[in-house]
Amino acid sequence: MDEQRLVADASVELASGTVMPILGLGTWQASGRSAFDAVLYALEAGYRHIDTATAYGNEERVGQAVAESGVPREHVFVTTKLPPSRAGRERETLAESLGALGFDYVDLWLIHWPPSGRSRPDVWERLLELQADGLAREVGVSNYSIRQLDELERATGRLPAVNQIEWSPALFERDVLEEHRSRGVQLEGYSPLKTMNLRDPRLVRIAEEHRVTPAQVILRWHLEHRIVAIPKSTNAERIAENAALFGFELTRPDIEQLDTISDSRRA
Ligand code: A2P
C-alpha cells in the first residue's frame, strides 16, 4: 500500500462508531493563501482530516481547498469549534461556519474552551441538539478537564465524543489518558511539536536509531498511544514529513522513554 493510502486509513473509532482519522492537519495561525495551500498539500499527501475553528478565521479557505482538491467531501473529516464568547448563539455560529466552509455538515464540532472556565451543560445540550439536526456528525469539547467532562455527563447523560487538549511527550500524563479512555472519550492532542524541544537528546537518539526526524518520533508516539494528533504546518515538505509515520514503529522502551520526558508542566 502506498504512503498516502496508509495515512488516509489510519484511524480511531469514536464511541458511536464514527471513524476519525488519527492524523489531521492543524490550521491555527494559517490564513489566506497559505491556509488554502496547506490544506491542498495535506490532502495530496493523504491527510483526510483538517482541524479549523471559528476563531482561526480560515474556514472559508479550508472549505475552498477541500472543494478544489478533488477529494470527495465525505472522505474528509473536518472539525471546527464554537468560540466560548458565542455561548448562547450556537445555532447561528454553526450556520456561519457551515456557510464559510461551504458544507452542509461538519464532522466534529467542539466547544473551543470552557466558557468563562465553566463546563456549561446548557451549551453542551445545544451542541447535542444541532448534532441531532444533522449539522454535526459528532460533537465534543476542547480544553476541558476530566471533572468538567463528568459535569456534562451528569447534567445531560451524554459525554463528548472527543476532548481536544494540548498534548505531547512533554505533557504526557498517564492518568489523564486513562481517565479519557475509561469514559470512552477520545483524546485528541494539539500542539504536539510546539510543546516539545525537538533537540532533546533522548528524542534525537530515538530519531537517529529509526532514521527519522524528531517530529516524526513525536507523532508516531501519539499513534502508538492511539491519540489523535493534529500537527500544524503550512510548509509542503513538513506537511509530508509529518505524515510519513508508517515506515517505522517505536519499540516499547522508546515509548517508555518518551513517556518520561514529561516535565509535569500541566501540574
Ligand atoms: P511551519 O508551519 O513553518 O511548518 P504545533 O502543531 O505543535 O502547534 O506546531 C506547529 C509549529 O511547528 C509551527 O511553527 C510549524 O511551523 C512547526 N512544524 C511543523 N512541522 C514541523 C516539523 N516536522 N519539524 C519542525 N517544525 C515543524
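## Sheet architecture

Two strands are taken to pair if DSSP finds at least two bridges between them, and strands (E, at least two residues) and helices (H or I, at least four) are DSSP runs, numbered from the N terminus. In this predicted model, local features need pLDDT of at least 70 and side-chain atom pairs count only at pLDDT 80 or more, whereas totals for chains, interfaces and linings use all residues. Residues are numbered from 1 along each chain as its sequence is written, and side-chain values use heavy atoms, with hydrogens and water left out.

An open sheet is formed by 8 strands with parallel pairing, in the order S3-S4-S5-S6-S7-S8-S9-S10. Strand S3 (25-26) and strand S10 (228-229) stand at the edges with a single partner strand each, so one side of each has no neighbour in the sheet. Within the sheet, strand S8 (residues 162-166) pairs with strand S9 (residues 186-190) in the parallel sense over 5 bridges, and Glu 166 stands opposite Tyr 190 in S9.

## The loop residue Thr 54

Thr 54 is placed in the loop between strand S4 (49-51) and helix H3 (59-69). Leaving aside neighbours within four places in sequence, Thr 54 is in contact with Glu 59, Thr 80, Lys 81, Pro 83, Thr 93 and Ser 97, where contact means heavy atoms within 4.5 Å. A polar atom of the Thr 54 side chain lies 3.2 Å from the backbone oxygen of Lys 81.

## Ligand surroundings

There are 14 residues around the ligand, of which Leu 193, Lys 194, Lys 232, Ser 233 and Arg 238 come nearest; a residue is near a molecule if one of its heavy atoms lies within 4 Å of it. By class, this shell has 5 nonpolar, 5 polar and 4 charged residues, with Ala, Val, Leu, Ile, Met, Phe, Trp, Tyr, Cys and Pro counted as nonpolar, Asp, Glu, Lys and Arg as charged, and the others, Gly among them, as polar.

A backbone N or O atom of Lys 232 lies 2.8 Å from an oxygen atom of the ligand, while a polar side-chain atom of Glu 241 lies 3.0 Å from a ligand nitrogen atom. Taken alone, the ligand exposes 560 Å², and the protein buries 77% of that, with accessible areas from the Shrake-Rupley method and a 1.4 Å probe.

Terms used. Polar contact = N/O pair within 3.5 Å; in protein donor to acceptor, adjacent residues only side chain to side chain.
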